[in-house]
Amino acid sequence: MGELRLMKGNEALAEAAIRAGVDGYFGYPITPQSEVIEYLMAEKPFDRTGMIVLQAESEVASINMLYGGGGTGKKVMTSSSSPGISLMQEGLSYMAGAEIPCVVANVVRGGPGLGDIQPAQSDYFQSVKGGGHGDYRLPVLAPASVQEMSDFVPLSFDLAFKYRTPVLIVADGLIGQMMEKVELFDPVPRLTDEEVIERYPWATNGKPKGQERRILTSLHLDPYKLEKHNMLLQEKYRKLEAEEVRFEMIDCETADYIIIAYGSSARIAQKSIQLAGEEGIKVGLLRPISLWPFPKQPIDDLVKKGVKGFLAVEMSAGQMVEDVRLTVRERTKVEHFGRYGGVIHSPEEVLEALKNQLIGG
Amino acid sequence: MPELTLQDIIKPENQVYVKTKLMTDNTLSYCPGCGHGTAHRLIMEVIEELGRENETIGIAPVGCSVLAYEFLNVDMQEAAHGRAPAVATAIKRLWPGKTVFSYQGDGDLAAIGTSETIHVCNRGEQIVMIFINNGIYGMTGGQMAPTTLPNMKTSTSPFGREVLTMGNPLKMTELVAQLPGTYYVTRQAVHTPSAVRKSKRAIRKAFQNQLDGIPGVSFVEIVSNCNSGWKMTPTDSNVWMEENMFPFYELGDLKVNGEIVPKK
Ligand SMILES: Cc1ncc(C[n+]2csc(CCOP(=O)(O)OP(=O)(O)O)c2C)c(N)n1
Ligand code: SF4
């Protein structure tokens with residue numbers, strides 16, 4: 001059993017970064033995730049593990065520090081919230097193009113624009129459809145507990161290095177701010193410089209004697225070369241879709257109706273399916289853990305099993321629901337419910353919506 | 001005296017100039033007469049002479065020198081427009097023992113990347129920044145840059161840069177010299193053999209500072225021509241540069257060993 005602590009989600013993410021052997025964190029304060037950099041500065045991981053923590057001058061700088069740092073083959077990470085993540089999109093696109101690993105956590109708040117500082121899930125499109133310019137996708141993990149805020153840090157780094165890609169952790173203000181019990185994993189040491197050089201032959205480290213030099217770039221001026229490069233990226237995305245889908249199912253075997261929800265909405269929906277059960281309505285919960293690649297197969301299986309309808313519950317005006325519809329292809333009913341702009345729906349509201357939109361409607 | 005054969009001439013001891021092996025054999029993508037190529041060569045010569053060829057990471061910008069990595073034969077990362085100093089920051093912090101340099105044009109360093117430039121120079125990152133100031137956006141076809149001189153014609157100031165509406169040319173090098181995080185700040189040129197020699201000394205000093213572990217940025221501006229963007233022959237552009245650029249962008253050291261050099 002690992003060490004147990006009562007922590008905020010943001011703090012758990014920060015502690016996990018130290019324990020996962022991260023080499024560098026570069027960030028810029030924004031509510032509701034400033035605790036991440038505050039925690040790291042207070043913990044002084046530099047003295048403990050040699051991890052670098054730097055407050056950058058902007059999110060644009062942070063993400064480009066990740067471009068440089070990730071390019072060296074070291075583990076680098078940043079966190080921010082919606083407006084800051086918007087600023088990072090050019091950098092993320094460059095990193096997808098140059099195939100540079102890093103982890104970026106988005107503790108989503110209400111938008112558009114400056115919006116508010118309350119929890120929201122309205123950055124789904126930006127997260128799963130690429131976000132920046134060009135044909136690319138990023139693996140996206142959605143924690144639904146403080147525990148997962150910790151656990152998804154090492155998992156994200158595994159994916160980032162396995163596939164040489166930025167990985168997004170998309171939480172929301174509720175997961176970031178709430179306190180829960182968390183079992184922390186045992187710290188792993190940072191890789192030594194020699195290990196980094198040996199493991200990542202693509203990374204820039206000054207071209208040690210006898211090795212070819214490395215060039216990290218997203219530029220391919222010849223369109224045929226760029227097309228070829230894009231094809232290789234697409235191959236990588238197909239592999240991710242085949243091998244890295246993650247989801248959780250609760251009470252789906254016997255359910256007539258399915259709620260699909262991630263993050264905080266999944267926590268709320270868990271209560272809703274319990275309330276439904278008390279009224280004799282059989283509702284199951286499908287929780288996407290990887291928002292991209294999206295769990296299409298389990299949805300398809302449920303359609304084939306004959307469920308009577310899906311309710312996508314998200315704290316947005318309806319974003320993930322589009323991916324559910326693409327999978328269901330009108331074979332059964334798909335509806336959306338969610339409060340948004342930083343308003344959190346109650347379990348009762350969700351059940352009401354399910355009754356009105358799926359059963360009554 | 002016996003006559004020299006071709007084989008004699010190319011004997012190593014008879015060669016007056018040998019290209020550094022840290023320049024690749026790729027054909028330079030620059031316009032004939034452009035200063036970028038000379039600046040490239042000087043940096044690579046210095047890195048070779050300092051014995052840092054297996055210890056150096058460079059960062060290319062977006063601009064005419066976006067393909068610098070095709071020519072500079074060391075590990076390279078190509079940064080987004082303006083962000084090379086941020087990229088360099090992380091690389092140097094994560095590989096403190098390596099030599100790290102950024103190479104940027106004036107649009108890259110002094111317009112879109114102003115924030116990164118100022119903050120890197122203010123934090124005092126231990127890197128070398130090479131700044132090629134040609135007073136124009138070369139790559140995108142000769143638009144006005146922050147460094148474009150008053151009344152200078154460019155494709156976005158076709159009647160000349162009107163300071164009242166288009167703003168003043170920005171002396172970024174004077175600005176960063178004022179910041180506590182810069183250790184060595186100098187302005188050089190590469191249009192004549194003597195300017196090239198001075199530039200090389202400056203570049204060597206900049207890299208030596210980093211090698212000596214002195215905290216702070218070593219910042220080398222090279223005022224250079226853009227004969228294509230200025231729509232002149234290479235020779236005319238160098239004359240024009242001497243007559244117009246140098247009076248505004250005065251050559252020489254601005255800060256040495258962390259101390260501002262008083263104006264003559
Ligand atoms: C975000 C972004 N904005 C604009 C551009 C287009 N762009 C490419 S190079 C450049 C200006 C380059 O000028 P400078 O830095 O002076 O370098 P030079 O080409 O003169 O060497 C611009 C505006 C871009 N690539 N990316
Ligand atoms: S456009 Fe100007 S800066 Fe670019 S290569 Fe040609 S002369 Fe040099």
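Analyst: Happy to! Let's begin with β9(B), which pairs with strand β10 (residues 259-260) of chain B in the antiparallel sense, over two bridges. Pairing here requires that DSSP finds at least two bridges between two strands, and the elements themselves are DSSP runs numbered from the N terminus: helices are H or I with at least four residues, strands are E with at least two. This is a predicted model, in which local features need pLDDT of at least 70 and side-chain atom pairs count only at pLDDT 80 or more, while totals for chains, interfaces and linings use all residues. Residues are numbered from 1 along each chain as its sequence is written, chains are lettered from A and ligands numbered from 1 in the order in which they are written, and side-chain values use heavy atoms, with hydrogens and water left out.

Within this pair, Val256(B) faces Glu259(B) in β10(B). The two strands make a hairpin with two residues between them. Asn257(B) belongs to that turn, in the loop between β9 and β10 of chain B. Its phi is positive, about 50 degrees, although Asn257(B) is not a glycine. For context, most residues other than glycine have a negative phi. Asn257(B) counts as partly exposed because its relative accessible area is 42%; buried means under 20%, exposed over 50%, and partly exposed in between, with a 1.4 Å probe and protein chains only.

On its other pairing, strand β9 (residues 252-256) of chain B joins strand β7 (residues 182-189) of chain B in the antiparallel sense over three bridges. There, Thr186(B) stands opposite Asp253(B) of β9(B). Elsewhere in chain B, helix α4 (residues 84-94) is mostly covered, with ten of its eleven residues buried; among them are Val87(B), Ile91(B) and Leu94(B).

Arg329(A) has a phi near 50 degrees and is not a glycine. This residue lies in the loop between α14 (320-328) and β15 (333-337) of chain A, and it is classed as exposed because its relative accessible area is 56%.

Chain A also has cis peptide bonds. One runs from Gly111(A) to Pro112(A), with omega near 0 degrees, and Pro112(A) sits in the loop between β5 and α7 (124-128) of chain A. Another runs from Trp292(A) to Pro293(A), with omega near -5 degrees; Pro293(A) is in the loop between β13 and α13 (296-305) of chain A.

β5 and β13 also have places in a sheet of chain A. Seven strands form this open, mixed sheet in the order β3-β2-β4-β5-β7-β6-β13. Its edges are β3 and β13 (290-292) of chain A, each pairing on one side only. Inside the sheet, strand β5 (residues 102-108) and strand β7 (residues 166-172) of chain A pair in the parallel sense over seven bridges, and Val108(A) has Asp172(A) as its bridge partner in β7(A).

Now to where the chains meet. The contact, meaning heavy atoms within 4.5 Å, takes 38 residues from chain A and 36 residues from chain B. About 3,000 Å² is buried between them, 58% of it from carbon and sulfur atoms; this is the accessible area (1.4 Å probe) that two parts lose on being put together, summed over both. Glu57(A), Lys207(A) and Arg213(A) supply 21% of the area that chain A buries against chain B, more than any other three residues.

Two salt bridges cross this interface, where the rule asks for a side-chain nitrogen of Lys or Arg within 4 Å of a carboxyl oxygen of Asp or Glu. Arg123(B) and Glu57(A) meet in a salt bridge, at 2.9 Å from N to O. Several elements of chain A each supply at least two residues to the side that touches chain B, including β2 (24-27), β3 (52-55) and α6 (89-98). α4(A) gives the most, with eight residues.
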